[in-house]
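Okay, everyone, thanks for coming.

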Amino acid sequence: GVATANLATALAFTDTHGTVATVNITDTAADVAAALDTFQADGANIGTITLTDGGTPNLSVNYGQLTSDLGALNKIATTHTLTVWGVSTANLATALAFTDAHGSVSTVNVADLSGNVAAALDTLEGDLAKIGTILLTDSAPSDLRGARISADQVAGSPSSNHVLSPQLSVSWTQLSGDLGAL
């Protein structure tokens, strides 16, 4: 197989009949994730993609890659998991349900406005096993502040799943225990 870094050279090669060769990619999950758009664009010339990481490789992709690079994702021949970041609460179900030829989403990192996160707390709680982090993208997440979250809830541990924002960090353990009060 060809490493991602050598793809352009491999695609420039033509056989004796002037035909571009089909290229099989062999590379790490990180390098493959970084080149998914290229693999999608060159899809007719890409054979299979083999991930070389040990164990079950994890491919970290953004939501845009998940939806627009499906052809390339389906060429991955190695069993793998997917971490999808930049997922809005409106797209959470689509991201969680995604599977490609040899992998499925193991973790989703949500990024959305605090009002959307507040409106989707029941859904987020139901999908807690696959939620990695939640990034509040607005500068004043008032919908999750004030009386609804007490001061003792704001002292989360960096080793657990967190809601992240410039103003707020709440561990999932703390948040899920008090969702009824929200």
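This is a predicted model: local features need pLDDT of at least 70, side-chain atom pairs count only at pLDDT 80 or more; totals for chains, interfaces and linings use all residues.

How many of its residues are buried? Out of 182 residues, 38% count as buried. The accessible surface comes to about 8700 Å², and 53% of that belongs to carbon and sulfur atoms. Now for contacts: if you take those in the chain with a separation of 6 or more, 55% are between residues 24 or more positions apart.

Let's go inside. In soluble globular proteins, nonpolar side chains tend to be buried together. Here, the largest nonpolar core has 35 residues, and F39, L59, L66 and L124 touch the most other members. Take L59: setting aside neighbours within four places in sequence, its contacts are A29, V32, A33, L73, I76, T81, L82 and T83.

Next, D112, which sits in strand 5, residues 103-112. Is D112 buried or exposed? It counts as buried, because its relative accessibility is 9% and the cut-off for buried is under 20%.

So what does the side chain of D112 make polar contacts with? One partner is the side chain of T89, at 2.7 Å, and another is the side chain of N116, at 2.8 Å. Beyond four places in sequence, D112 is in contact with S88, T89, A90, V117, L135, L136 and T137.

Technical notes. Residues are numbered from 1 along each chain as its sequence is written. Side-chain values use heavy atoms; hydrogens and water are left out. A nonpolar core is a set of buried Ala, Val, Leu, Ile, Met, Phe, Trp, Tyr and Cys residues joined through side-chain atoms within 4.5 Å. Buried means under 20% relative accessible area, exposed over 50%, partly exposed in between (1.4 Å probe, protein chains only). Contact means heavy atoms within 4.5 Å. Accessible areas come from the Shrake-Rupley method with a 1.4 Å probe; for residues, only the protein chains shown count as cover. Helices (H or I, at least four residues) and strands (E, at least two) are DSSP runs, numbered from the N terminus. A polar contact is a pair of N or O atoms within 3.5 Å; within protein, one must be able to donate a hydrogen and the other to accept it, and residues adjacent in sequence count only if both atoms are side-chain atoms.
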